[in-house]
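The exercises below can be worked through with the sequence and the structure in view. Each task is followed by a solution in steps.

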2 protein chains.
Amino acid sequence: MPACNIQQQQLQHFEQVCKSSGLKVTQQRLEIYSALLEARDHPSAETLHKRLDRLLPTLSLDTVYRTLATFEKINLVHRLETSENQARYEALTQRHHHFLCDQCGQVIDFIWQSFDAVALPPTLTAIGAINRTSVVIHGKCAACLKAEQETTAPKD
Amino acid sequence: MPACNIQQQQLQHFEQVCKSSGLKVTQQRLEIYSALLEARDHPSAETLHKRLDRLLPTLSLDTVYRTLATFEKINLVHRLETSENQARYEALTQRHHHFLCDQCGQVIDFIWQSFDAVALPPTLTAIGAINRTSVVIHGKCAACLKAEQETTAPKD
DNA sequence: CATTCCATGGTAAAAATTATCAATAACTTT
DNA sequence: AAAGTTATTGATAATTTTTACCATGGAATG
């Protein structure tokens, strides 16, 4: 399983980052991080908490929140920019951008290397120091489009 | 005052959009919208509410929330993508992008026409139908950078 | 093995947003 | 311009989301 190897690498990296930041590698942190690594759906703290209930039944929601906030500080995870109420998170893997479905709220990653290579506008130097850039695209995802067609079309 | 003329135009447009959407042009809606037009700081519902307190002392916070949600539906305002808890809003004016200061939370608009002109990656057609695209840049704003220097540097 | 210190869980508070419903204000018709 | 119709508002309260508190527990250090 190559995917599993990749995850092993990520987890080693995780331990290293924790230690170098003076954070203890607790079971909760490990599980929260690896759950986020496996997840493809940019889960919220609450979703993660539910998802981990089987593995760590006593894990508190507060710990999930705290842990995610901690991870964000040491740059292990990102808190997404969405226009929803619940915050969503993702583990940092490959550089990518986000497509947000305005209908169902789903977040879909996409790669756009030619954007990543482009020079930023010079105006920005006056505005501040840049950490990271990302493109956010709003629209209607394929699934929602299809569902819409099916409820509109059926005239038989 | 040219700025005032521009706003007059915007307000006329506002009334038109409301009517064509079957919405009544109430004083509350007018004031909330024009407060958002004047604002340059992408205020939250609560900030707007406080700001309007002098003008409309009985305006309820709930109305601000409801009104902003309504405006977003008919595409008069945008709910911003930030990674904060409180939602922020802006009136739709000129096409622009956002710089978010991770330190102070400030949102600064910037123009980037060469991005606006660029073609989106073809992968996206499979993902869904696109409504709008925007670039989000995270970093540290000039003011925060300066404040940081002043607290670090003073060694005299 | 004892000590220290950080992280966790449980509870509860704070912050942010939304629901309910009677009263009110805006548009329409006359 | 007045009355009727209907959407909108305000006040209150409920939900949802996130954070604070603090005693307990467990890992690392000496």
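**Exercise 1: Chain A in outline**

Read along the sequence, the elements of chain A follow the pattern α-α-α-α-β-β-β-β-α-α-β-α. The model is a predicted one.

Task: State how many helices and strands chain A has, and describe its extent and its buried share.

Solution. 
1. Chain A contains seven helices and five strands.
2. The C-alpha trace of chain A spans about 60 × 50 × 35 Å along its principal axes.
3. Chain A has 156 residues, and 25% of them are buried.
4. Taking the contacts in chain A between residues at least 6 apart in sequence, 49% join residues at least 24 apart.

**Exercise 2: Helix α4 of chain A**

Task: Find which residues of α4(A) are buried, and work out how they are arranged around the helix axis.

Solution. 
1. Helix α4 of chain A covers residues 61-73, which is 13 residues. From first C-alpha to last, the helix reaches 19 Å, close to the 18 Å expected at 1.5 Å a residue.
2. Val64(A), Thr67(A), Leu68(A) and Phe71(A) are the buried residues of α4(A).
3. These buried residues fall within an arc of 100° when seen down the axis of α4(A), so they line one face of the helix.
4. That buried set packs against α2 (27-38), α3 (45-51), β1 (77-79) and β2 (89-91) of chain A.
5. On the face turned away from the buried side, α4(A) carries the exposed residues Asp62(A) and Lys73(A).
6. Just after the helix, Asn75(A) takes a positive phi of about 65°.

**Exercise 3: The DNA strands**

Solution. 
1. The surface near DNA strand C divides into nine nonpolar, 12 polar and six charged residues.

**Exercise 4: Where chain A touches chain B**

Task: Identify which element of chain A gives the most to the side that touches chain B, and say in which sense the β5 strands of chains A and B pair.

Solution. 
1. The contact takes 33 residues from chain A and 33 residues from chain B.
2. On the side of chain A, two or more residues come from each of β3 (97-101), β4 (107-110), α6 (124-127), β5 (128-141) and α7 (142-152).
3. The most comes from β5(A), with 14 residues.
4. This side of chain A has 19 nonpolar, nine polar and five charged residues.
5. β5(A) pairs with β5 (residues 128-141) of chain B in the antiparallel sense, over 13 bridges.
6. Within this pairing, Ser134(A) has Val136(B) of β5(B) as its bridge partner.

**Exercise 5: A single residue**

Task: Decide whether Thr125(A) is buried or exposed.

Solution. 
1. Thr125(A) lies in helix α6 of chain A.
2. There are 11 other C-beta atoms within 10 Å of Thr125(A).
3. A residue counts as exposed at 12 or fewer, so Thr125(A) is exposed.

Key. Residues numbered from 1 in each chain as written. Chains lettered and ligands numbered in written order. Predicted model: local features only at pLDDT ≥ 70, side-chain atom pairs only at ≥ 80, totals over all residues. Helix = DSSP H or I, 4+ residues; strand = E, 2+ residues; numbered from the N terminus. Expected span 1.5 Å × (residues − 1). Buried ≥ 20, exposed ≤ 12 C-beta atoms within 10 Å, placed from the backbone. Arc of directions from axis to C-beta. Contact = placed C-beta atoms within 7 Å. Nonpolar A, V, L, I, M, F, W, Y, C, P; charged D, E, K, R; others polar. Pairing = 2+ DSSP bridges.
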